[in-house]
Amino acid sequence: MALLPVDDALQLILADARPIADIEHVPLHEAWGRIVAEPLIAMRDQPPFAASAMDGYAVVAADTAEPGATLRVVGESAAGHGFTGAIGRGETVRIFTGAPVPQGADAILIQENARPLETTMIGVVEPVQAGRFVRRAGLDFHRGETVIAKGAMLDAGRLTLAAAMNLPALPMHRRPRVAILATGDELVPPGADPRDDQIIASNSFGVAAIVKEAGGEPIDLGIAADTLAALNRSIDAAQAAGADILVTLGGASVGDHDLVRKVLESRGLELAFWKIAMRPGKPLMSGRIGPMHVLGLPGNPVSSLVCSHVFLTPLIAKLVGRTHHVQAVDAILDVDLAENDLRQDYLRAAMHRRPDGTLVATPATRQDSSMMRVFAEADGLVVRPPFAPEAKAGDAVRAILLRHI
Ligand SMILES: Nc1nc2c(c(=O)[nH]1)N[C@H]1C(S)=C(S)[C@@H](COP(=O)(O)OP(=O)(O)OC[C@H]3O[C@@H](n4cnc5c(N)ncnc54)[C@H](O)[C@@H]3O)O[C@H]1N2
Ligand code: MOO
């Protein structure tokens, strides 16, 4: 039977995903990484007054033109403590970076170009042009201006900008809620005292991290046993939590205890597909129960994480109104690879950069989808299309970076 190609699977997953309309007002300190739901308008000019960019003297530029000019110091303007008067011809005010430029002044003579004479007089060492080192009011932005567009992702720069606009809370799209359910009688949580035939449920942690990275809010539904009742209770919990996406882990394959699809279908799952031409990730399942997207990930830890990167991240992006572009890069192989079969392969690979910037990928010799250590040590995933011919060391490949290198 022909298996569904990875790109077609992704199209089907994204086909009926609509951006979440709910808007909430989020305090600045919680707004990082989220999506702005309405245009953000500045509440004030920045700077709110003409400000000095340097430490020195506020002057009338024309007064500094004559060689040997001298000026009388009539006051001081510091940040937070402006000079209240105005300066006249032949006068100056001692000024510091960020302080309001007094009325009458049109330039800043930096202190390196001023020579103290008597207590109240300075000599001009070098003339200064009008406007020099003065940041005019509203230089950066004006009150009433739309400064940050709807749909922008609030990164460190925009977050700082929003704060400077005097906005203490921002209208943001609600983050997609992603319920994560581990399934399997063999699973116990980390820190438990497992029997010899049990294993530690680990996948949820990595999947939750990928959800957060993608801009979603993970909801940990814990572990469900391989029983209809336990799985039904967990699906109830996902719906009660208002999950936009339910991610199930494991129980997706063809074994006698792989009940997940059966239970989901009994709950009204409209199955979009089950099984794709991907390694790891063959038993991937996708569909919807009412408005809730359902992504059934294979239980092998590496499969869960690779599928989360390839399918869950773009789905979350679409729910927040963005398009996720896979950050694939060119690399060259360090080893030979055999020809590929019908499944698109995601090979865990150590990667390094040569001095000329070329990325070199060394796929691990064991690519078993249970081997989490190999995945955790990999810097990237070399993507081998279905039926890729055998490749030699030095050949070009495409890879998805898992970390900055
Ligand atoms: N006859 C066939 N057998 C299998 C096929 C197949 O096509 N025919 N596909 C294989 C592939 S490929 C995969 S991938 C696995 C996926 O199976 P499931 O999704 O049903 O996963 P499980 O059997 O539940 O678990 C697989 C493995 O992973 C461990 N696991 C499960 N959940 C977790 C968790 N939350 N944290 C850590 N480890 C977990 C589980 O104990 C198993 O060892 O099926 C193949 N079989
Ligand atoms: O496709 Mo399974 O995910 O290889 O191990």
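Biologist: Where does glycine 216 lie?
Modeller: This is a predicted model, by the way. In it, glycine 216 lies in the loop that links α3 (203–214) and β16.

Biologist: And is glycine 216 buried or exposed?
Modeller: Glycine 216 is buried: 24 other C-beta atoms lie within 10 Å, and 20 or more is what counts as buried.

Biologist: Which residues does glycine 216 touch?
Modeller: Leaving out residues up to four places away in sequence, glycine 216 touches Arg175, Pro176, Val178, Val211 and Ile316.

Biologist: How many residues apart in sequence are glycine 216 and alanine 317?
Modeller: They're 101 residues apart in sequence, and 8.4 Å apart in space, going from C-alpha to C-alpha.

Biologist: OK, new topic, the sheet. What order do the six strands have?
Modeller: The order is β16-β13-β17-β21-β20-β18, in an open sheet with mixed pairing.

Biologist: Which strands stand at the edges?
Modeller: β16 (217–224) and β18 (270–274) do. Each has a single partner strand, so one side of each has no neighbour in the sheet.

Biologist: How much are neighbouring strands turned against each other?
Modeller: By 15° on average, ignoring direction.

Biologist: Back to β18: in which sense do β18 and β20 pair, parallel or antiparallel?
Modeller: Antiparallel, over four bridges, with β20 covering residues 285–289. Within that pairing, phenylalanine 273 stands opposite serine 286 in β20.

Biologist: Last one: which strands does helix α6 lie across?
Modeller: Helix α6 (residues 301–319) lies across β13 (177–183), β17 (245–249) and β21 (292–297). The helix runs at about 160° to β21.

Definitions and conventions:
Residues numbered from 1 in each chain as written. Chains lettered and ligands numbered in written order. Predicted model: local features only at pLDDT ≥ 70, side-chain atom pairs only at ≥ 80, totals over all residues. Pairing = 2+ DSSP bridges. Helix = DSSP H or I, 4+ residues; strand = E, 2+ residues; numbered from the N terminus. Axes fitted to C-alpha atoms, helices over the stretch in contact; angles between N-to-C directions. Contact = placed C-beta atoms within 7 Å. Buried ≥ 20, exposed ≤ 12 C-beta atoms within 10 Å, placed from the backbone.
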